[in-house]
Amino acid sequence: MKGLLRRYLGLVNGRMDTGLEDALLGQLRSAEEGAEVAAAMVEGDVPRGEARDRMRRIEHRGDTHRGAFVERLSEALVTPIDREDLFRLSRSIDDVLDTLRDFVRESHLYRLPDQSRLTPMLAEVQAGVVALEAAATALVEKPSQAAQSALEARKAGGAVRRLYQYEVARVLDGEMTTETMKERELVRRLEMVGQHISDAADAIMDGAMKRWH
């Protein structure tokens, strides 16, 4: 009875269903863990093969959370923001993790001797995912704070894009070799991660604005 009462009060207040919230935050934590593994790999703290294996397990957990989210969303009576925006948010987080997986896999295949130049891009990726988690956590209780955190995530996504442009310009200024082509592919993959972070931030900001109006 108490559980039903809590759920009813949550619906009245527009709270997110607990299972829905847990699944969404599970996705974000998986993405955060994936970004940490990728950063440790480019810094040389984790061997490429180990990073690829760990990323495979992380992505599987993320997919499990994503499946649970979609299922709970279809059953939810009330959501804190539009279902469409929540679905966009979940999909974009899934894209972040999938693209990080591709980055780690390609890094393992390309075997560039030094990837430390990618550290600043991955630092911004990590900052963006942390800001998304803060925004998702605040969605119900403090929508204005959610929008602010989403804006921070969007700024991080933009920073990834700018760093990508600098790296591409550096590559194109030099001699085109097999190694530089591999570098360009890897920075392009991280630029895509930044775009997915921005897309997730936009979903939160759009949903929060609709709620205020």
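## A buried glutamine in a loop

Let's start with Gln-115, which touches Met-41, Val-42, Arg-48, Ser-107 and Leu-186, leaving aside residues up to four places away in sequence. Keep in mind that this is a predicted model. Where does Gln-115 sit? You'll find Gln-115 in the loop between H4 and H5.

Is Gln-115 buried or exposed? Its relative accessibility is 5%, and the cut-off for buried is under 20%, so Gln-115 counts as buried.

## Another residue from that loop

Arg-111 is found in the loop between helix H4 (83-110) and helix H5 (119-138). Here the side of the story is exposure: Arg-111 has a relative accessible area of 52%. Since exposed means over 50%, Arg-111 goes down as exposed.

The backbone of Arg-111 is worth a look too. Its phi is near 55°, a positive value in a residue other than glycine.

## Salt bridges across the chain

How many salt bridges are there? The count comes to 19. Take Arg-88 and Asp-206, whose side chains meet in one of them at 3.2 Å, N to O. This pair links distant parts of the chain, with Arg-88 in helix H4 and Asp-206 in helix H7, 118 residues apart. Asp-206 has a relative accessible area of 34%, so it is partly exposed.

Next, look at Arg-189 and Glu-106, where the side chains meet in a salt bridge at 2.4 Å, N to O. That pair also links distant parts of the chain: Arg-189 belongs to helix H7 and Glu-106 to helix H4, 83 residues apart. Both Arg-189 and Glu-106 are buried. They also belong to a network of salt bridges, where they are linked with Glu-59, Asp-98, Arg-101, Asp-102 and Arg-105.

Glu-179 forms a salt bridge with Lys-182, and their closest N and O atoms are 3.8 Å apart. Both residues lie in helix H7, three residues apart, or about one turn of the helix.

How accessible is Glu-179? Its relative accessibility is 33%, so Glu-179 counts as partly exposed.

## Rings and a charge

What about aromatic pairs: how many are there? The count comes to zero.

## A stop in helix H3

Helix H3 covers residues 48-75, and Ala-68 is found there. With 29% relative accessibility, Ala-68 counts as partly exposed, because that class runs between the 20% limit for buried and the 50% limit for exposed.

Ala-68 and Gly-26 are 42 residues apart along the chain, and their C-alpha atoms are separated by 9.8 Å.

Which residues make the nonpolar surface patch? They are Leu-172, Met-176 and Met-181, and the patch is about 280 Å².

Met-176 is found in the loop between helix H6 (143-173) and helix H7 (178-212). Its relative accessible area is 40%, so Met-176 is partly exposed. Patches are made of residues with over 30% relative accessible area, so Met-176, at 40%, clears that cut-off.

Notes. Residues numbered from 1 in each chain as written. Predicted model: local features only at pLDDT ≥ 70, side-chain atom pairs only at ≥ 80, totals over all residues. Heavy atoms only, no water. Patch = residues over 30% accessible without salt bridge, like charges linked within 9 Å, V, L, I, M, F, W, Y side chains within 5 Å. Areas by Shrake-Rupley, 256 points an atom, 1.4 Å probe, with all protein chains shown as cover. Salt bridge = Lys/Arg side-chain N within 4 Å of Asp/Glu carboxyl O. Helix = DSSP H or I, 4+ residues; strand = E, 2+ residues; numbered from the N terminus. Buried < 20%, exposed > 50% of the residue type's maximum accessible area, 1.4 Å probe, protein only. Phe/Tyr/Trp six-rings, centres within 6.5 Å; stacked < 30°, edge-to-face > 60°. Contact = heavy atoms within 4.5 Å.
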